Amino acid sequence: MTIPHRIPISQLDHCLEQLLGNNPPKLLPPETIQQLCHTLKTELLGVPNIMSLQTPIAVVGDIHGQYHDLLEIFRISGSPPNTNYLFLGDYVDRGYYSVETISLLIALKLRYPDRVFLIRGNHESRTITTNYGFYTEVLNKYGGCADVWAYITDLFDYLPLAATIDGRLFAVHGGLSPSCQQLDQIRAIDRFKEIPHDGVMADLVWSDPDTEIMDFKLSPRGAGYLFGLDVINKFCRENDLVQLIRAHQLCNEGYTSYWKGKCVTVWSAPNYCYRCGNKASVLEIHHSNYESKESAPPQVLSDHYVEALPGQYFNIFEASPENDEDTVNGKSVNGTDDEDGGYGDFYAKKHIEYFL
Ligand SMILES: [Mn+2]
């Protein structure tokens, strides 16, 4: 079957209307998802592993299928195309609306290609989504057929791995790698494949900062590394960067700042898994002129608006009303302790690995 590479704007607007104009959102038909994924893949073929983006931009961390909380982000930080967005990955798994979440992000990326940017997280993977909810959700929502999962996980292989903002800030899902000191080493990776278990590509989506250590240590997650301040300082010095922006770790306050903002974590899934009770945030970056006295930031406005570095603020938010409803309904979390999943006893006894 030949699929046209261009999708008319009217058709993309129709997809957005199906998702945004209905509550609960309407699922897109499998043929539509196939066409959207095919088109986006051809567009991403020409995009480098590290995108070069500019301020102003809003940076979003893990969403994990919490569709209504994604809509909350658009309410507090503005909707595309009025606000530029960089999403740091982990769009699927855990929450109940992975299908709708990734469908919306794909449609937004195609509709506003110069305003919306998506990079890959460790959950944008066939193996991880098979175990943590997305695969099962597709089967449940598409009549037992896994085609939609296959179209979307194939698309994941095309997502870029990182971004620079104004050439000075480095954004990635997880963190740094002991096998990579130069941005050019990341640029040279063949990224069009499943995330390997180890190597630079794996480390970028799996690693975490750690204030207690120097150098690199193996991560307790079983993939990637922990890395200390000396690692970030060296990486920034060698690549003319001032900050590492990343996601990948649940933060009770919605964000974490390490080493006076040299590294920050943005976490965008409030009340994660409908039970963690945490806040979430969006990192709004207005500029990166750290030397200019005139660009001194306004005062920190409230507990909902916290400065990371001059010109950048965590806009902190709480769970949407729909998240609260799902919490009250007491549905089980995707991919872990699903009582109807056939693994009941095994997973019920297992500690829920929220950190994955
Ligand atoms: Mn992650």
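Here are legends for several close-up views of this predicted model.

**View 1**
Of its 356 residues, 44% count as buried. Among contacts between residues at least 6 apart in sequence, 72% join residues at least 24 apart. The average pLDDT of the chain is 91, and 88% of the residues score at least 70. Please take care with residues 336–352, where pLDDT stays under 50; for that stretch the model has ten contacts beyond four places in sequence.

**View 1. The largest nonpolar core has 94 residues**.
Which members touch the most others in this core? They are Val 59, Val 60, Ala 162, Ala 171 and Val 266. Helix 4, residues 98–111, gives the most to this core, with eight residues.

**View 2. Helix 4 is largely enclosed by the rest of the structure**.
That description holds because 13 of the 14 residues of helix 4 are buried. From its first C-alpha to its last, helix 4 reaches 20 Å, close to the 20 Å expected at 1.5 Å a residue.

Pro 56 sits in the loop between strand 1 (50–53) and strand 2 (57–60).

**View 3. His 64 and Lys 260 have positive phi although neither is a glycine**.
For His 64, phi is about 50 degrees, and the residue lies in the loop between strand 2 and helix 3. For Lys 260, phi is about 55 degrees; its loop runs between strand 11 (255–258) and strand 12 (263–266). Is His 64 buried or exposed? His 64 is buried, because 29 other C-beta atoms lie within 10 Å, and 20 or more is enough to count. Lys 260 has 8 C-beta neighbours inside 10 Å, so Lys 260 counts as exposed, the cut-off being 12 or fewer.

**View 4. Helix 3 and the glycine after it.**
In helix 3, the buried residues include Tyr 67, His 68, Asp 69, Leu 70, Glu 72 and Ile 73. An α-helix has 3.6 residues a turn, so residues three or four places apart point the same way. Helix 3 is followed by Gly 78, whose phi is positive, near 100 degrees.

**View 5. Three strands form an open sheet in the order 7-9-8**.
The pairing in this sheet is mixed. Strand 7 (208–209) and strand 8 (216–218) stand at the edges, each with a single partner strand, so one side of each has no neighbour in the sheet. Strand 8 pairs with strand 9 (residues 225–227) in the antiparallel sense, over three bridges. To find your bearings in this pair, look for Phe 216, whose bridge partner in strand 9 is Phe 227.

**View 6. The annotated stretch at residues 119–124**.
An unreviewed UniProt entry carries the annotation "domain: Serine/threonine specific protein phosphatases" over these residues. In the model, residues 119–124 are 0% helix and 0% strand, with the end C-alpha atoms 9 Å apart. Glu 124 is found in the loop between strand 4 (116–118) and helix 5 (126–131). What surrounds Glu 124? There are 27 C-beta neighbours inside 10 Å, so Glu 124 counts as buried. Leaving aside neighbours within four places in sequence, Glu 124 is in contact with Gly 89, Tyr 91, Phe 156 and Leu 159. Tyr 91 is 33 residues away from Glu 124 along the chain, yet their C-alpha atoms are separated by 7.5 Å.

Note on methods: Residues are numbered from 1 along each chain as its sequence is written. This is a predicted model: local features need pLDDT of at least 70, side-chain atom pairs count only at pLDDT 80 or more; totals for chains, interfaces and linings use all residues. Helices (H or I, at least four residues) and strands (E, at least two) are DSSP runs, numbered from the N terminus. A nonpolar core is a set of buried Ala, Val, Leu, Ile, Met, Phe, Trp, Tyr and Cys residues joined through C-beta atoms within 7 Å. Two residues are in contact if their C-beta atoms, placed from the backbone, lie within 7 Å. Two strands pair if DSSP finds at least two bridges between them. UniProt positions are given in the numbering used here, feature names are shortened, and annotations may be inferred rather than shown by experiment. The expected span of a helix is 1.5 Å times one less than its number of residues. pLDDT is the predictor's confidence in each residue, from 0 to 100.
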